[in-house]
Structures are given as C-alpha cells and as structure tokens.
Amino acid sequence: MKKLSLLVAAALMVPVAHAHQAGDILVRGGAMAVSPTTDSGDTFNVDSNTQLGLTLSYMITDNWAVELLAATPFSHSVELKGAGEVAKVKHLPPTLMAQYYFGNAQSKVRPYVGAGINYTFFFDEKGRGVLDGADVKADDSWGLAAQAGLDMRINDNWFVNGSIWYMDIDTDVSVNGNHVDKANIDPVGLMVGLGYRF
Ligand code: NI
C-alpha cells in the first residue's frame, strides 16, 4: 500500500508543462486590423487599416493580468459624405487593460477577457480632395476598451494568439481652426499572431 501511494505520488510529480501563471510576462505580436464602425448617420467615414500589433501582459496571479497594447501607426483615409476623401490621418492607440484568464496554469488553452482604457493620438493629418492644403486636425481621444482573446500553447514558451478588441475612439475634427464634427471611429480590432512567455 505504501509502495502504491509512492507510485501515485511519483506519477503526480511528472513535470507538467505550464501555461500562463503568476509572474509570467507574455509578449504577443501579430497582424492587427482596425475597422472603424462608422454608420450612415456619421458625417465621416473612416476606412480600415492593418498594422503590426504588439502586446505585453504581466500575470499578477494565475488568472489576473495587466496588458499594454502598442502598434505601428495606423493610417486611415477619411471620407466626408458626398465629398469623397477629404483627409488622411495616422494614429496610435495605446491601451491598458485588466485581464481575466479562464482555466488554470495547466490549461493548454487560455481564453481571456479584458477591460480598460484607450488613449488615441492622431498625427500627420493631411487634407485631401476638397480639403487639399487645408489645416486638418483630429483631437486626441480617451475612451473605454474591451477585448476577448485566446492563447493556445504550442510548447513551454510559444503560443498562438487571437484576440478581438473594441475601442471607444471619438475625435473632434477641425479644419483651419473651425470645428467640423466629431468623428466616431469606435473601431473593432482583430489581432492574430504568436506569443512568447517569459
Ligand atoms: Ni464612441
């Protein structure tokens, strides 16, 4: 009986490959497509853009983490209803999230959800078409952000990642110092890539 319990204990001690656990740093990189959700009631229509997304998560416990999103600058074409393209804008949307990971440190698949704050700043705004040469400005934006994602373990360090983001991004647009309208960009972001766990 004693022998048997020792065997059982030994079997339980076979090293288990761990997934995310407290103290881990997760780095994810991949393609991130940002699609504004403008509708027919909006003055402006903003097109989609795909860039390199990069996220950094720190696991505070086996289930809770904080994440920072960074990316290469997104570039969008802005259309004014009835006037075609009127501007090109670039932006960076750094976002800080609190995340909850389902499962535990032994799970091969870790779905997660997150909520946080997005700060988006616009730069390199250029007037186009009827606004060619005009001074176009888009104000910085603070807003809420939400996400859902999935990490799938490949081995002890590498994993595959997919995530979907929503960001409340509203920017006041002005031309030659005159306020035109608020652009509700409120994009959905889709990121697919690889992750590495330190
Ligand atoms: Ni909004």
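**Cavities and nickel site**

The lining of the largest cavity comprises 14 nonpolar, two polar and no charged residues (Ala, Val, Leu, Ile, Met, Phe, Trp, Tyr, Cys and Pro count as nonpolar, Asp, Glu, Lys and Arg as charged, and the others, Gly among them, as polar). The model is predicted: local features need pLDDT of at least 70 and side-chain atom pairs pLDDT 80 or more, while totals for chains, interfaces and linings use all residues. Residues are numbered from 1 along each chain as its sequence is written, and side-chain values use heavy atoms, with hydrogens and water left out.

A cavity is a set of points on a 1 Å grid over the protein atoms alone where a 1.4 Å probe fits but cannot get out, and lining residues have an atom within 4 Å of a point. Two cavities of 30 Å³ or more were counted. The largest holds about 130 Å³, a volume being the space filled by probe spheres set on the points. Of its 16 lining residues, Val78, Ala87, Val89, Ala138 and Val173 lie nearest the centre.

The second largest cavity has a volume of about 50 Å³. Its lining has 13 residues, with Ala19, His20, Met152, Arg153 and Phe159 closest to the centre. By class, four are nonpolar, three polar and six charged.

The protein donors of the nickel ion (N, O and S atoms within 2.8 Å of the metal, or 3.2 Å for Na, K and Ca) come from Asp168, Asp170 and Asp186, at 2.0 to 2.6 Å. Along the chain, the donors follow the spacing D-x1-D-x15-D.

How values were computed: On a 1 Å grid over the protein atoms alone, a cavity is a set of points where a 1.4 Å probe fits but cannot get out, and a pocket is an open set with protein on both sides within 12 Å along at least five of seven lines; lining residues have an atom within 4 Å of a point.
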